[in-house]
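Thanks for passing this one along. I had a look through it and jotted down some points for you.

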Amino acid sequence: MKQISTRFSIAVHTLSLIAVAPDSTGDYIAGSVNTNPVVIRRIMGMLKKAGLVEVRAGVGGAALLKDPADITLLDVYHAVGVTENNQLFRIHEHSKIECTVGRNIEQVLQDELAQAQALMEQRLAQTTIAQLLEKFK
């Protein structure tokens, strides 16, 4: 079974760490996440492109460009490109069209999955990095 990308959780971890320990370096963040610094640099690039962090080359370190109360989990979700073509779920292709289920599964399932994704995104929009930080205490 294929899992949804871990980029989202790594990005939330990264933003939370920067909020708690400003000027955290990529190596420090990588140690906390327990991953390779290259992964963190890639995530930081995505967060920078989305306008969520400032990365200081040379001296290292990073800072949030927004208050943690103004960064929602939906912002992070969009920043790290969890979805492919704005679809969280993919449906298998090439079903047999001679079969009633095969002919209709894509449309029927696509509607259900689109609604599920919309509900999930609504929920992510309700939670901020600041709210998560409160739970870490």
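Predicted model: local features only at pLDDT ≥ 70, side-chain atom pairs only at ≥ 80, totals over all residues.

1. The protein has 6 helices and 2 strands, and from the N terminus they come in the order α-α-α-β-β-α-α-α.

2. On burial and surface: the protein has 137 residues, and 32% of them count as buried. Its accessible surface is about 9,000 Å², with 53% of that belonging to carbon and sulfur atoms.

3. Take the contacts between residues at least 6 apart in sequence: 61% of them link residues at least 24 apart.

4. The largest nonpolar core is made of 28 residues, and L15, I29, I40, L47, V76 and I129 have the most contacts inside it. Two or more residues each come from α1 (7-20), α2 (26-33), α3 (37-49), α4 (73-79) and α6 (129-136). α1 gives the largest share, 6 residues. As a general point, nonpolar side chains in soluble globular proteins tend to be buried together.

5. Setting aside residues up to four places away in sequence, L47 touches A11, T14, L15, L52, V53, A79 and V80.

6. Now for T127, which sits in the loop between α5 (100-124) and α6. Is T127 buried or exposed? T127 counts as buried because its relative accessible area is 11%, and the cut-off is under 20%. Its side chain makes a polar contact with the side chain of R123, at 2.9 Å. Beyond its neighbours within four places in sequence, T127 is in contact with I71, T72, L73 and L132.

Notes
Residues numbered from 1 in each chain as written. Heavy atoms only, no water. Core = buried A, V, L, I, M, F, W, Y, C linked by side-chain atoms within 4.5 Å. Buried < 20%, exposed > 50% of the residue type's maximum accessible area, 1.4 Å probe, protein only. Helix = DSSP H or I, 4+ residues; strand = E, 2+ residues; numbered from the N terminus. Contact = heavy atoms within 4.5 Å. Polar contact = N/O pair within 3.5 Å; in protein donor to acceptor, adjacent residues only side chain to side chain. Areas by Shrake-Rupley, 256 points an atom, 1.4 Å probe, with all protein chains shown as cover.
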